[in-house]
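This briefing is intended for reading beside the sequence and the 3D structure. Please keep both in view.

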Amino acid sequence: MEMFDIAEKVHDETRQGEAFAPFKADANAYRKRFYIESYGCQMNFSDSEIVASILNNEGFGATRNLEDADLVLLNTCSIREKAEQTVRKRLTEFRKIKESKPGMLIGVLGCMAERLKAKLLEEEKLVDIVVGPDAYRSLPGLIEEAETGQKAVNVLLSRDETYADISPVRLDSNGVTAFISIMRGCNNMCSFCVVPFTRGRERSRDALSIVQEAENLFSRGFKEVTLLGQNVDSYYWINEATNETVTFAKLMEMVALINPLLRVRFSTSHPKDITEEVLRTMAKYENICNYIHLPVQSGSTRILQLMNRTYTREWYMAKVKQIKEIVPGCGISADIIAGFCTETEEDHQDTLSIMEYSAYDMSYMFFYSERPGTLAARRYKDDIPEEIKKRRLQEIVELQNRLSLESNKRDVGKIFKVLIEGDSKKSTAEWKGRSSQNKMIVFPKINNGLKPGDYVNVQVNECTQATLLGQII
C-alpha cells in the first residue's frame, strides 16, 4: 500500500505517467508536435498545462502518440526514490525510440531537473534539455539551442515567477473541475522534504489574475476550482493600486463570490498556517467546500520537532478541534510518514492515537524515504530498518481503513449536495460526483436530463471503504 508523497503534495496514483491530451477538436496546423508525460503531485500536472500553453504559442501542437513527437518531455518528481526510478526507466525507453528518430529532442522538466542535471545530461546522456520549475518561459529558446546539437539547461529558481499571465491549456479535463495554481515554492523547511530545494522560495500569484482565471473557467462551464499551492494558507499578496492586503481567506472569498454555483476547494494546508479567519470564511460561504487536507506527518511531538514541523501534538489536536467547532461536519484528511529517523514504538503509537483522535476520512501514507539534499539527510541517520518501517506503515494503513469505513458509515442515511463529474468508473448507467466533504458518491442515472456539471441532492443508502452509494432524491 504505497500511496505517496511527502510534504503536502498528494500523488494521484491513477494519473502517474499520464500523457497530456490535446484539447478537443484542435483544427490548427502545427509545425511540430510535442508529447508530455507527468509524474508526481497535482502541482506538476498543473505545470504541464502551463508548458503546453507556452509551446502552443510557439507553434507546437500536443500529441498523445509518442512516435509522432518531435519533442518529448517528462515532467518529473523528486519526492521519493520510486518516482525517480520510474522516470529513469521512461527516459531509457525514449532514448531507444530516439535512435530510430535522430531529430527527436528529449527534455526533463520539474523537480528532478535541478537535482540530476549533470547526471542526465553528461554522464548518462539521456536527455537534450533540462528545465527547472521556474524556467518554463525559456523553453522555446532552449529548444532552438538543442536543435543545433547543444545541450540546453535552465534550472535557475526564481523569487518572483508565478506564471500569472499564462492561461493554462487544460489537460484532458472532465470540463467540470479544474486546478488553479495560486502560489509556487515553499518556505517551510520540513527536514524530510526536497521541495524548497527543487521548487524554491514561496511566492504568491497576483490575486486579480487568479480571480480572472476562475471567472474564465466558470464562463466556460467549469463548476469547481481547486486553489493549489504547496502551502495555500500562507498566500499573501498586496494590491499596489489599492494598498490592500489579500490573505488566503480573502482570496478564497473573492473566488467564492464569482458565483454561488462555482465550488471552491483548496490544497494543501500546513497546520501552522490555517487561521481562524480561513475557517470562518469556509463556514460563511456554502460554495466553499467543507474539506481540509491537513498533513500531520507524525503524532509524536519529538518526531515533529525533528521533522521541523513547528507544531506539537497538542497544538495539532487543538487545531482539529477548532475545525470541527467552526466548520461542523468538515472532512479532514492527512499525510502520514512511518519510520522517520529515531522513531520509537512509543512515537508510532502516538501517530496511531492522533489518527484515532482526528478520525481522518482518508490519508496518504508512506514510510520514510531519505532524499538527498534535505535537512534530514544531512543531520540524521535513517536508522529504522525497512521491515520495521513496513510493519508500522501496515498498522497505519489498517487503522486508516477502519477510520475510512467508520466515516462512510456515519454518512449512510444523510443527504448530500453532489456535483456530477461524469460517468462512474464501473458503469455508464451511474453518475459519480463528490460531496462538499470530498467523498466520491456513485448513484444511478434517472431519465431527467442531468449532465456533468449539474448539482443534485443524493441520499446515501450504503457504503464501501472508499465510496458512498446512493440515489437522487
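Predicted model: local features only at pLDDT ≥ 70, side-chain atom pairs only at ≥ 80, totals over all residues.

Residues are numbered from 1 along each chain as its sequence is written, and side-chain values use heavy atoms, with hydrogens and water left out.

**Confidence**
- The chain has a mean pLDDT (the predictor's confidence in each residue, from 0 to 100) of 93, and 96% of its residues reach 70 or more.
- Over residues 1-8 the pLDDT is below 50, yet this stretch has 38 contacts (heavy atoms within 4.5 Å) in the model beyond near neighbours in sequence.

- Strands (E, at least two residues) and helices (H or I, at least four) are DSSP runs, numbered from the N terminus.
- Strand β8 (residues 177-181) is largely enclosed by the rest of the structure, because four of its five residues are buried.
- Buried means under 20% relative accessible area, exposed over 50%, and partly exposed in between (1.4 Å probe, protein chains only).
- β8 runs parallel to strand β11 (residues 224-228), and five bridges join them; two strands pair if DSSP finds at least two bridges between them.
- Within this pairing, Thr177 stands opposite Glu224 in β11.

**Gln400**
- Gln400 lies in helix α13 (residues 386-411) and is buried, with a relative accessible area of 2%.
- Leaving aside neighbours within four places in sequence, Gln400 has contacts that include Met355, Tyr360 and Asp361.

**Ala377**
- Ala377 belongs to helix α12 (residues 375-379) and is partly exposed, at 27% relative accessible area.
- Beyond its neighbours within four places in sequence, Ala377 is in contact with Glu370, Arg371 and Pro372.
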